[in-house]
Amino acid sequence: MMQLTRAHGITVLTETRESKERLLFLESMLPDWVQLYSSRINQQRGGVAIVVQSRFLQHFYGKPKWRVFITGRMARLEFSGSKGCLHVY
């Protein structure tokens with residue numbers, strides 16, 4: 001996962017199957033130059049997460065808006081900037 005995160009501004013993960021312990025471990029392993037957005041579900045069901053490089057965020061205003069539509073299945077990260085908006089589902 002870290003190779004993908006280093007190579008791309010945005011990394012989208014599916015079937016993350018999180019637990020509180022797994023999430024704490026993942027957050028402790030992520031470098032300071034990335035932000036994690038996650039649907040925070042459980043180990044028995046799907047889950048989605050988006051990892052964003054901090055330098056990618058510099059192209060937009062403020063923090064992106066994270067919205068979960070269907071828990072563990074569908075979410076959106078919305079970026080706004082001077083050149084328009086970007087939505088990542």
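Predicted model: local features only at pLDDT ≥ 70, side-chain atom pairs only at ≥ 80, totals over all residues.
Two strands are said to pair if DSSP finds at least two bridges between them. Helices (H or I, at least four residues) and strands (E, at least two) are themselves DSSP runs, numbered from the N terminus.

Residues are numbered from 1 along each chain as its sequence is written, and side-chain values use heavy atoms, with hydrogens and water left out.

I begin with the sheet that contains β3. Three strands make up this open sheet, in the order β1-β3-β2, and the pairing is antiparallel. Because β1 and β2 stand at the edges with a single partner strand each, one side of each has no neighbour in the sheet. From one strand to the next the twist averages 15°; axes here are lines fitted to C-alpha atoms, for helices over the stretch in contact, and angles run from 0 to 180 degrees between N-to-C directions.

Let us look at the individual pairings. Strand β1, residues 10-14, is joined to β3 by five bridges. Within that pairing, Ile-10 has Val-52 as its bridge partner, and Leu-13 has Ala-49. Strand β2, residues 34-38, is likewise joined to β3 by five bridges, and these two strands run antiparallel. There, Leu-36 stands opposite Val-51 of β3. Ala-49 and Ser-38 are 11 residues apart along the chain, yet their C-alpha atoms are separated by 4.1 Å.

How many of the six residues of β3 are buried? Six of the six are, so the strand is largely enclosed by the rest of the structure. By buried I mean under 20% relative accessible area, by exposed over 50%, and by partly exposed anything in between, with a 1.4 Å probe and protein chains only. Val-48, Ile-50 and Val-52 point one way from β3, whereas Ala-49, Val-51 and Gln-53 point the other way. Ala-49 has a relative accessibility of 2% and therefore counts as buried.

Gln-53 also belongs to β3, and at 3% relative accessibility this residue counts as buried. Beyond its neighbours within four places in sequence, Gln-53 is in contact (heavy atoms within 4.5 Å) with Thr-5, Arg-6, Ala-7, His-8, Gly-9, Trp-33 and Val-34.

Arg-76 is buried at a relative accessible area of 15%, and Glu-78 is buried at 16%.

Is Cys-85, in contrast, buried or exposed? Cys-85 is exposed, with a relative accessible area of 58%. This residue is found in strand β6, residues 84-88. Leaving aside its neighbours within four places in sequence, Cys-85 is in contact with Phe-79 and Ser-80.

Finally, the nonpolar cores. A nonpolar core is a set of buried Ala, Val, Leu, Ile, Met, Phe, Trp, Tyr and Cys residues joined through side-chain atoms within 4.5 Å. The largest has eight residues, namely Tyr-37, Ile-50, Val-52, Leu-57, Phe-60, Leu-77, Phe-79 and Val-88. Strands β3 (48-53) and β5 (74-81) each supply at least two residues of this core. Apart from it lies another core, of seven residues, including Leu-13, Val-34, Ala-49 and Val-51. In soluble globular proteins, nonpolar side chains tend to be buried together.

Among the residues that Phe-79 contacts beyond four places in sequence are Ile-10, Val-52, Phe-56, Pro-64 and Leu-86. With that, I conclude, and I thank you for your attention.
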